[in-house]
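Here is a short briefing to read alongside the model. Take a look at the structure first, then follow the points below.

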Amino acid sequence: MRSSKRCPRFRRKVLLMRGRKTRRNGTAAAADQYSVRTSIGRKLLQLQRMLPSACSEINADAETLFQRTADYIFLLEAKLSLLHSLSAFYGV
């Protein structure tokens, strides 16, 4: 029979998800900027990680983060529109 204990890898993943350890790349500065213990802080960090590295900087406040997110969404929509136009033009 298998043991009921979870593997250490799973525990490490759970601890990372709960914000008890530093986030990706060991950036404690990003974890300190937003209160990681709050759900809003965790969501802001997740949003910051979703942006490409050129758009996100560690010391961006929430307002700047939202503006860059909106700009990034607009850019993705423009790319999608261009791809739709090209596929219609070439009949793909």
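Phe89 counts as exposed because its relative accessibility is 65%, where exposed means over 50% relative accessible area, buried under 20%, and partly exposed in between (1.4 Å probe, protein chains only). Phe89 sits in helix 4 (residues 62-90); helices (H or I, at least four residues) and strands (E, at least two) are DSSP runs, numbered from the N terminus. Please keep in mind that this is a predicted model, in which local features need pLDDT of at least 70, side-chain atom pairs count only at pLDDT 80 or more, and totals for chains, interfaces and linings use all residues. Residues are numbered from 1 along each chain as its sequence is written, and side-chain values use heavy atoms, with hydrogens and water left out.

**The surface patch**
- Phe89 belongs to a nonpolar surface patch together with Leu82, Leu83, Leu86, Tyr90 and Val92.
- The accessible area of this patch comes to about 750 Å² in total, computed by the Shrake-Rupley method with a 1.4 Å probe, with only the protein chains shown counting as cover for residues.
- Patch members have over 30% relative accessible area and no salt bridge; like charges are joined within 9 Å, and nonpolar side chains (Val, Leu, Ile, Met, Phe, Trp, Tyr) within 5 Å.
- A salt bridge here is a side-chain nitrogen of Lys or Arg within 4 Å of a carboxyl oxygen of Asp or Glu.

**Helix 4 and its end**

**A buried contact**
- Thr69, also in helix 4, counts as buried because its relative accessibility is 13%.
- Leaving aside residues up to four places away in sequence, Thr69 touches Leu47 and Leu51, a contact being heavy atoms within 4.5 Å.
- Leu51 lies in the loop between helix 3 (39-50) and helix 4, and counts as buried because its relative accessibility is 7%.
- Leu51 and Arg68 are 17 residues apart along the chain, with 8.2 Å between their C-alpha atoms.

**The chain overall**
- The chain has four helices and zero strands, in the order α-α-α-α.
- Of its 92 residues, 16% count as buried.
- Mean pLDDT (the predictor's confidence in each residue, from 0 to 100) is 75 for the chain, with 54% of residues at 70 or more.
- Among the elements, helix 4 has the highest mean pLDDT (94) and helix 2 (residues 28-33) the lowest (55).
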